[in-house]
Structures are given as structure tokens and as C-alpha cells.
Amino acid sequence: MHLDMAESGTKPAARERPLALARWLLVVAAMVIAIVVIGGITRLTESGVSITEWKPVSGTIPPITAAQWQAEFDAYRQTPQYIEVNGPAGMTLATYKFIFFWEWVHRLLARSIGLAFALPLAWFWVRRAIPKGYHLRLVALLALGGLQGAVGWWMVKSGIVNDVKVSHFRLATHLLVALLTLGGLVWTALDLIGHARGEKPHRLTLFGALALAALALQLGMGALVAGLRAGHVASDWPLMTGKLFPDGVDWSEGALHAALYDPFLTHFLHRWWAWVVVAVLVVMGRKLRRAGQRKVSVAVHSAFGTQVILGVVTVMSGIALWLAVLHQLVGALLLACTTWGAHALGRRG
């Protein structure tokens, strides 16, 4: 992602600062990747419903006094998760503070991302530094960030009111909106870098859309696997419980219901759709090399190769926390690299 202006091509207007905008968007993209990682830790440590209220301003300050901590703990003790799981397991206030910490960090980083996007956007807008044609796109990215906050609270509420854990569908929605935002940030930053060189915005080709859709489906299935705790049903690979197709799938409510709700089948589908994604990304890599985009091709290959290895060792480890978190991190990086690849293949003059 080279940021220097090319010597040829039409230069941007004097007030425009496309490279500064691109750098800013890439910083925000890095923050989104960080919150995806923190979100993974929050989910793996069952921390998501530890804070039972959404307080956008006052919630930035964690409990300080013993009375404040006790009040937060008392509110958590009204949730199904505490009543049915953590209470009978003997959760103490000290244990509660641990899960509270991760959810608080997750929400604090979300607020920070909002400010890191909204305040510079306002500054660039007032300074008339935004190139023509990018205003609406940046506002749409801001709106996606706001939607992500709403989806996050919608997800948490499902675990506070309805069940001992958050809805795996809402979890998948929360992750996919974050990744859609990440892809939009990366694509727009790349377009702005091209604008500084006098290039037109790139188009999304049919193949690029196919690659991104295949990867999005895989990442969404990964979220379903996480939400259903389906990674724990088999720790062998490539077999599952000693067989290519696992025993234990509940077909009683139909194949679609099983694909969305049965942990054995969702795990199986997530494992094997991964190879469809690999095949598509191998083709993308070859197309990129033919187009003279070797660096992008190497990035895509490195990301999906690492992700496949992490997926296998995470399962075989019995879902070790640090490996599962790395798997989520590389998933976000793979999305960024695939977006870069799709952008490079959509090059215009």
C-alpha cells in the first residue's frame, strides 16, 4: 500500500489531502482489527454480558469503590448466565471483575474508534480536504460504525434477557458488520491513495465480489461455530470424532435448521467450506501475479495459509484461548488482504 504520489497523472486539488485521509482510515482499520481481537477474547472468556447496561458516557469509567463493584455484580447476578451457570459454579466478586474487565475494554475501544473516526472526519470536512465523491462514502462508514454499536448492544441483550449466552446469530451479525466496516475502510483508503496518483476509484469485479462473498460466508460460519461452542465437539482433524462426517447431527428439524443450530454440522461446514475459499483465493493470487501485483498476491497467500494452519491447531488444542484469538486476528487480516486483492483486480485507468 505505497502512499507516495506518482509523478504522472492528474494531481488532486490544492485543498485536498487524499494521502492524509488514507493514513487516517488505515489507522482506524487497525483499530477495528484490534477490537475484533478483543471481541474474540470477550466471547471466549464469557465476558459479554458482564455489564448489563449501556451507558455511552458514564460507562467509560469503571467501578471504583467497593459499593460500585457490588452494585455491578448484583446486576449481573440477575442474568440467566449467572443464575444457571456461574452462580452454581461459585463465581466470586474477584472472578466477576476479570470478565467485567474484558467487556469494559471492548466497549471502551468501541467508543475510541467512534471518536477516532468522527472527529477527524469533521476536521477534514471543515478544511475541505475531502476529494469530491468521497463525502457520502465516509458518512456511510461512520453510519456503519454506529450500526455496529447498536448491533453489539442488541447481541448483549440476548444474553442478559433470553439465555445463558448471547445469540449465535447476533454474534455473527456483530462480527460481519465489523468486517464489512473494515473492508470499507481499506477499500476507501486504497482509492484515496490512487486518487493522489490521478487514478479513478476502482470497481469491484464479479470475481472480486465472489471472493469476498465466499470469505464472508466462511467468517460468518466461524462466528456461528464460536457462538454454539461447536469447536469443542471434535478435537481431531481432518476427521471429526474419528469419521469424515460426524455422528450426532440432529436432523429432526430439517437440514437448514441443522446447518444453523447443530454444533456438529456447523463445525463440519466451517471446516470444509474453508477449502472452497482457499481455492478461490489461489485463483485470486494467480490473477494478481498476472496483473503485476505480486506483493498483494503474497499477502493474500500468506494470510489464508496462516489462517488454515491456525484453524487446524486451534481445534486440535481443544480451543486454546491464545490460538483461538490468533485465529480471529488472522481472519480479520485475511479479510483486509482479500479486500486489497479485489481492489487491485478492479483497477481503472
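This is a predicted model: local features need pLDDT of at least 70, side-chain atom pairs count only at pLDDT 80 or more; totals for chains, interfaces and linings use all residues.
**Exercise 1. Helices α9 and α10**

Task: Determine how α9 is oriented relative to α10, and describe their contact.

Solution. 
- Helix α9 spans residues 263-290 and helix α10 spans residues 294-316; they pack at about 165 degrees with axes 9 Å apart.
- Apply the cut-off: angles over 145 degrees count as roughly antiparallel. Therefore α9 is roughly antiparallel to α10.
- The crossing of α9 past α10 is left-handed.
- On the α9 side, the contact is made by H267, R271, W275, V278, L281, V282, M284, G285, L288 and R289. On the α10 side, R294, V296, S297, V298, V300, H301, F304, V308 and V315 take part.
- By class, the residues of this contact are 12 nonpolar, four polar and three charged.

**Exercise 2. Two partners of α11**

Task: How do α6 and α7 each pack against α11?

Solution. 
- Take α6 first. Its axis and that of helix α11 (residues 321-345) come within 9 Å and cross at roughly 40 degrees.
- That angle makes α6 oblique to α11. The crossing is right-handed.
- From α6, the residues L175, L179, L182, G183, V186, W187, L190 and D191 meet Q328, A332, L335, A336, T339, W340, A342 and H343 of α11.
- The residues of the α6 contact with α11 divide into 11 nonpolar, four polar and one charged.
- Turn to α7. Helices α7 and α11 pack at about 170 degrees, with axes 9 Å apart.
- They are therefore roughly antiparallel to each other.
- In α7, the residues F207, G208, A211, L212, L215 and L219 meet G331, L334, L335, T338, T339, A342 and L345 in α11.
- Of the residues in the α7 contact with α11, nine are nonpolar, four are polar and none is charged.

**Exercise 3. A178 and L228**

Task: Is A178 buried or exposed? Is L228 buried or exposed?

Solution. 
- A178 lies in helix α6 (residues 168-196).
- The cut-off for buried is under 20% relative accessible area. A178 has 9% relative accessibility, so A178 counts as buried.
- A178 and G149 are 29 residues apart in sequence; their C-alpha atoms are 9.6 Å apart in space.
- L228 sits in the loop between α7 (206-227) and α8 (255-261).
- L228 has a relative accessible area of 17%, so L228 is buried too.
- L228 and L175 are 53 residues apart along the chain, with 15 Å between their C-alpha atoms.

**Exercise 4. Backbone exceptions**

Task: Which peptide bond is cis, and what are the phi values of E46 and T241?

Solution. 
- Recall the background: most residues other than glycine have a negative phi, and most peptide bonds are trans.
- The W237 to P238 peptide bond is cis, with omega near 5 degrees. P238 belongs to the loop between α7 and α8.
- E46 is not glycine, but its phi is positive, near 60 degrees. E46 is in the loop between α1 and α2 (66-76).
- E46 has a relative accessible area of 30%, so E46 is partly exposed.
- T241 is likewise not glycine and has a positive phi, near 50 degrees. T241 lies in the loop between α7 and α8.
- T241 has a relative accessible area of 41%, so T241 is partly exposed.

Terms used. Residues are numbered from 1 along each chain as its sequence is written. Side-chain values use heavy atoms; hydrogens and water are left out. Axes are lines fitted to C-alpha atoms, for helices over the stretch in contact, and angles run from 0 to 180 degrees between N-to-C directions. Helices (H or I, at least four residues) and strands (E, at least two) are DSSP runs, numbered from the N terminus. Angles under 35 degrees count as roughly parallel, over 145 as roughly antiparallel, 65 to 115 as roughly perpendicular and the rest as oblique. A crossing is left-handed if the near helix is turned anticlockwise from the far one by less than a right angle, and right-handed if clockwise. Contact means heavy atoms within 4.5 Å. Ala, Val, Leu, Ile, Met, Phe, Trp, Tyr, Cys and Pro count as nonpolar, Asp, Glu, Lys and Arg as charged, and the others, Gly among them, as polar. Buried means under 20% relative accessible area, exposed over 50%, partly exposed in between (1.4 Å probe, protein chains only).
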